[in-house]
Amino acid sequence: EKGTYPHYMLKEMDEQPTVIRKIIQAYEVEDGQLAIDEDILEALQAADRLYIIAAGTSYHAGLIGKQYFEKMAGIPVEVHISSEFGYNMPLLSEKPLFIFITQSGETADSRQVLVKIKELGYPTLTITNVPGSTLSREADHTLLLHAGPEIAVASTKAYVAQLAVLALAAYVTAQASGKDLTFDLKQELAIAANGIQTIIDSKDVLEDIAEDYLKIARNAFFIGRNIDFYVSLEGALKLKEISYIQAEGFAGGELKHGTIALIEEGTPVFALVTQEAVSLNIRGNVKEVAARGAYPCIISMAGVDEDGDRLVIPQVNELLTPLVSVVPLQLISYYAALHRRCDVDKPRNLAKSVTVE
Ligand code: M6R
């Protein structure tokens, strides 16, 4: 139930710090270490390549999951949109493991791939929020998101939970394979949960940004480099879904290859700056669009912030920035939708789970 909340989406965004803490609890074993089922760990360790299959927001989580598995565990990963997989079936490695990321566990496009992969006899793992869902039942293994029911059509807490569980699975696999990890994931996730809480506690700032940038905007761009690029895709999807503003996420460096032609006087451009290594480059992109009349909103992370950034989010581990940086984008979309009198929880033309192909 949404209780005193005006919308499920707002309630579900507010739950995000708790969701991360629940995930830590759910995957913690007696000695305080994080762990996943032995058979899942074995499946991950046995794979020479992971194939992540998902749609929408879950696909965006998969793009970040690829970074986690490649950077922490050293396992190559491909990420595929489920509805496209059948046409462009990749050449498979010798020992693939298929990972289906699906909040509902019922998405028909993803299930279609699962059915095909089972026919081919490859091992499968579903990462889902719904125990007993179709994709959970039909896959060899399941990792649960522990996010609690997500009712709003716009996925928020499930995305953050997907990132946390992907990070956890990659971390545990890396540990088991003797990789040298320089941080304690449990501690870093707890810091990220606190970081999200700080943002949630200053919603008025996000409401002001939404009013300032999006109340009458026709379109909006989200830009980022490296891991911030993937979060910008998710930020754009959130805004499109619930406010009906035409929005796109772009890699900062791609702007000059075409997209910059769309920049007009006052076009809102949200730029994420959480990665030190690319901070100068993305700030350069912001200057380029500003010089062409755009209205940029820099959302940076403490430690890579500069004077004049519109919002500075708390500092977290470099790999975990998406868990925190997505939250202001979710809230900006929410308030933009409210300012434009849209039905936040039930946007037009959309269903919570898409059970047709
Ligand atoms: O239940 P799933 O994670 O498989 O759903 C996939 C997409 O339909 C879903 O993420 C959709 O994009 C959301 N409405 C995004 O907010």
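## Sheet E7-E6-E8-E9-E10

In what order do the five strands of the open sheet with E7, E6, E8, E9 and E10 stand, and is their pairing parallel or antiparallel? The order is E7-E6-E8-E9-E10, and the pairing is parallel. Strand E7 (246-251) and strand E10 (311-313) stand at the edges. Each has a single partner strand, so one side of each is left without a neighbour in the sheet. Neighbouring strands here are turned by 20° against each other on average, direction ignored. The model is a predicted one.

Helix H11 (residues 227-243) packs on this sheet. H11 touches strand E6 (219-224), E7 and E8. The direction of H11 makes about 175° with that of E7. Further along the sheet, strand E8 (residues 268-273) pairs with strand E9 (residues 295-301). Six bridges link E8 and E9, in the parallel sense. Val 269 stands opposite Pro 296 in E9.

## Sheet E2-E1-E3-E4-E5

Another open sheet of five strands runs in the order E2-E1-E3-E4-E5. Its pairing is parallel. Strand E2 (77-81) and strand E5 (141-144) form the edges, and each pairs on one side only. From one strand to the next, the twist averages 20°.

Strand E1 (residues 49-54) and strand E3 (residues 96-102) run parallel, joined by five bridges. Leu 50 has Leu 97 in E3 as its bridge partner. Helix H3 (residues 38-46) lies across E1, E3, strand E4 (124-128) and E5. H3 runs at about 110° to E5.

## The largest pocket

How much space lies in the largest pocket? The figure is about 460 Å³. The lining has 22 residues. Nearest the centre lie Ala 55, Gly 56, Thr 57, Lys 352 and Val 354.

Which elements each supply at least two residues of the lining? They are helix H4 (56-73), E3, helix H6 (108-120) and H11. H4 gives the most, with three residues.

By residue class, the lining divides into seven nonpolar, 11 polar and four charged residues.

Technical notes:
Residues are numbered from 1 along each chain as its sequence is written. This is a predicted model: local features need pLDDT of at least 70, side-chain atom pairs count only at pLDDT 80 or more; totals for chains, interfaces and linings use all residues. Side-chain values use heavy atoms; hydrogens and water are left out. Two strands pair if DSSP finds at least two bridges between them. Helices (H or I, at least four residues) and strands (E, at least two) are DSSP runs, numbered from the N terminus. Axes are lines fitted to C-alpha atoms, for helices over the stretch in contact, and angles run from 0 to 180 degrees between N-to-C directions. Contact means heavy atoms within 4.5 Å. On a 1 Å grid over the protein atoms alone, a cavity is a set of points where a 1.4 Å probe fits but cannot get out, and a pocket is an open set with protein on both sides within 12 Å along at least five of seven lines; lining residues have an atom within 4 Å of a point. Grid points are joined across faces, edges and corners, and a volume is the space filled by probe spheres set on the points. Ala, Val, Leu, Ile, Met, Phe, Trp, Tyr, Cys and Pro count as nonpolar, Asp, Glu, Lys and Arg as charged, and the others, Gly among them, as polar.
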